[in-house]
Amino acid sequence: MLKLKDYIDIDDVNDFKCGTFDISKVTRKTHPNVDINQSSEILKLFHADLCGPIQPESYGGTKYIMVLVDDFSGMYLNYFLKNKNEVFDIFSQFKAKYENLTDKRTKN
């Protein structure tokens, strides 16, 4: 029965350098944890993201997804849009609805 060590000089293997292996072992520092909220009350700070165009579009014809996240509460809402130009109208409707529900005003 043939063995691998019959074909490979073990001393040469220890000196072997592989660039891909070296790169795969490189690690990065993690981002520091943020223990505090950037906002002190609901509806004060939002994060928004617009994704798209998504292919294929949905059966309803939507091509974009808008995600709104309230920084204080962590509440997030997804809106499905057919066009990018709907963003301002959707945000205005969202703002009016949640200002009325919470009796708070967004920071302008």
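This is a predicted model: local features need pLDDT of at least 70, side-chain atom pairs count only at pLDDT 80 or more; totals for chains, interfaces and linings use all residues.
The buried residues of the helix are Ile90, Phe94, Tyr98 and Glu99. These four sit on the same side of H3 because the arc they cover around the axis is only 155°. An α-helix has 3.6 residues a turn, so residues three or four places apart point the same way.

Strands supply part of the cover over the buried residues of H3: S1 (46–51), S2 (64–70) and S3 (76–81) are among the elements involved.

## Dimensions and end of H3

H3 spans residues 87–102, which makes 16 residues. From the first C-alpha to the last, the helix reaches 22 Å, close to the 22 Å expected at 1.5 Å a residue. Just after H3 comes Asp103, with a positive phi of about 55°.

## The chain as a whole

The protein contains 3 helices and 3 strands. Read from the N terminus, their order is α-α-β-β-β-α.

Buried residues make up 16% of the 108 residues of the protein. The accessible surface is about 9,500 Å², and carbon and sulfur atoms account for 54% of that area. Among contacts with a separation of 6 or more, 35% join residues 24 or more positions apart.

Technical notes: Residues are numbered from 1 along each chain as its sequence is written. Side-chain values use heavy atoms; hydrogens and water are left out. Helices (H or I, at least four residues) and strands (E, at least two) are DSSP runs, numbered from the N terminus. Buried means under 20% relative accessible area, exposed over 50%, partly exposed in between (1.4 Å probe, protein chains only). Contact means heavy atoms within 4.5 Å. Accessible areas come from the Shrake-Rupley method with a 1.4 Å probe; for residues, only the protein chains shown count as cover. The expected span of a helix is 1.5 Å times one less than its number of residues. The arc is that of the directions from the helix axis to the C-beta atoms.
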